[in-house]
Amino acid sequence: MTYLVRKIRERGWEGALRDPAEIAEKFAELGYIDDRAFGEARAAAMGRRGLGERRVSGALRQAGLDEADSAAIAPGMADRALETALAFARRRRIGPFALAPVDRPQREKHIAAMIRGGHSFSMARMIANLLPGESPSFDE
């Protein structure tokens, strides 16, 4: 809703004013607006960037996705937890993707970065503790 109001204001609309909620309802009826499809696409894109479930669910909540749509998307995010964590580690050169073994303070920084990225502590710790080139095949 706020997005629609902002876009109308940015475009300098000078015609007759209509209720943005009414416009949004009409667009939803016509199939132009699909919150679940938006949420799935957003979750997939964030997952490809390596962001974890907590970070993705927070972004969906901030975007105004309701609980039912978020709950429908959550199992897919949980299924891809290892995949997204490894993508994050690859991008940031953490654990098995590091160029050289790291000392404890650096490993703690890597774990903190992964937690801020939305990954669980246990997943972050397991990946950060892997040596460069070591196989990351495990389950959380």
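Where does Arg93 lie? Select Arg93 and you land in the loop between H6 and H7 (helices, H or I with at least four residues, and strands, E with at least two, are DSSP runs numbered from the N terminus). Before going on, two notes on what is loaded. Residues are numbered from 1 along each chain as its sequence is written, and side-chain values use heavy atoms, leaving out hydrogens and water. This is a predicted model, where local features need pLDDT of at least 70, side-chain atom pairs count only at pLDDT 80 or more, and totals for chains, interfaces and linings use all residues.

Stay on Arg93 for its backbone: phi is near 55 degrees, a positive value in a residue other than glycine. Arg93 is also partly exposed, with a relative accessible area of 46% (buried is under 20%, exposed over 50%, partly exposed in between, using a 1.4 Å probe and protein chains only).

Now colour by pLDDT, the predictor's confidence in each residue from 0 to 100. The chain averages 89, and 96% of the residues score at least 70.

For the cavity, select Ala43, Gly47, Leu51, Gly52, Glu53, Val56, Met77, Arg80 and Thr84, which line the largest one (on a 1 Å grid over the protein atoms alone, a cavity is a set of points where a 1.4 Å probe fits but cannot get out, and lining residues have an atom within 4 Å of a point). Helix H3 (35-48) and helix H4 (53-62) are the elements giving two or more residues to that lining. About 50 Å³ of space lies inside (the volume filled by probe spheres set on the points, which are joined across faces, edges and corners).

Last stop: Asp69, in helix H5 (residues 67-79). Asp69 counts as buried, at 11% relative accessibility. Leaving aside neighbours within four places in sequence, Asp69 is in contact (heavy atoms within 4.5 Å) with Asp35 and Arg36.

Key
1 Å grid on protein atoms, 1.4 Å probe; cavity = no way out; pocket = protein on both sides within 12 Å on 5 of 7 lines; lining within 4 Å.
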